[in-house]
Amino acid sequence: ELERSCIISPVIRVDCQYKVTTTFYDIIIIQVWVKEISGAKLKIGYEMKNNDVVVCTGYSEHCFLNKENRIISIKKLYPEFYNALLDQIKDY
């Protein structure tokens, strides 16, 4: 819906901590959740596991831009979407 409204959410920061080495043939399960949301920024958490062993943790931060590449408040323009993200916040 956001993309149809010409709203994009580029990555502005990434952080990653590698815990255990993996190989190309490993099957990695990735858990993703909302860590934080403000009017203009979104922080998404990641945890990657191989056979229940955490191999990597991290997060990415995103902002919200309109078609003129200006930062917008998703809270003001899309309150239902903002509230849906707010309801998904977890802090693992």
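Q: In what order do the elements of the protein chain run from the N terminus on?
A: The model is a predicted one, in which local features need pLDDT of at least 70, side-chain atom pairs count only at pLDDT 80 or more, and totals for chains, interfaces and linings use all residues. Residues are numbered from 1 along each chain as its sequence is written, and side-chain values use heavy atoms, with hydrogens and water left out. Helices (H or I, at least four residues) and strands (E, at least two) are DSSP runs numbered from the N terminus, and the protein chain has two helices and four strands. Read from the N terminus on, the order is β-β-β-β-α-α.

Q: How many bridges join strand E2 to strand E3?
A: Two strands pair if DSSP finds at least two bridges between them. E2 (residues 29-37) and E3 (residues 41-50) run antiparallel, and a hairpin joins E2 to E3 through three residues. Within this pairing Trp33 stands opposite Gly45 in E3, and the number of bridges joining the two strands is eight.

Q: Which residue takes a positive phi in the hairpin of E3 and E4?
A: E3 and strand E4 (residues 53-63) run antiparallel and are joined by 10 bridges, with Leu42 standing opposite His62 in E4. The hairpin of these strands has two residues between them, and the residue with a positive phi, near 50°, is Asn51.

Q: Which residue forms a salt bridge with Glu36?
A: A salt bridge is a side-chain nitrogen of Lys or Arg within 4 Å of a carboxyl oxygen of Asp or Glu, and a search of the whole structure finds two of them. In the bridge made by Glu36, the closest N and O atoms are 3.9 Å apart.

Q: How far apart are the closest N and O atoms of Lys49 and Glu47?
A: Lys49 is partly exposed, with a relative accessible area of 28%, while Glu47 counts as buried at 18% relative accessibility. The two residues form a salt bridge, and their closest N and O atoms lie apart by 3.8 Å.

Q: What radius of gyration does the protein chain have?
A: The radius is taken over C-alpha atoms, and the globule rule is 2.2 Å times the number of residues to the power 0.38. A compact globule of 92 residues would have a value near 12 Å, but the protein chain has 16 Å.

Notes
Buried means under 20% relative accessible area, exposed over 50%, partly exposed in between (1.4 Å probe, protein chains only).
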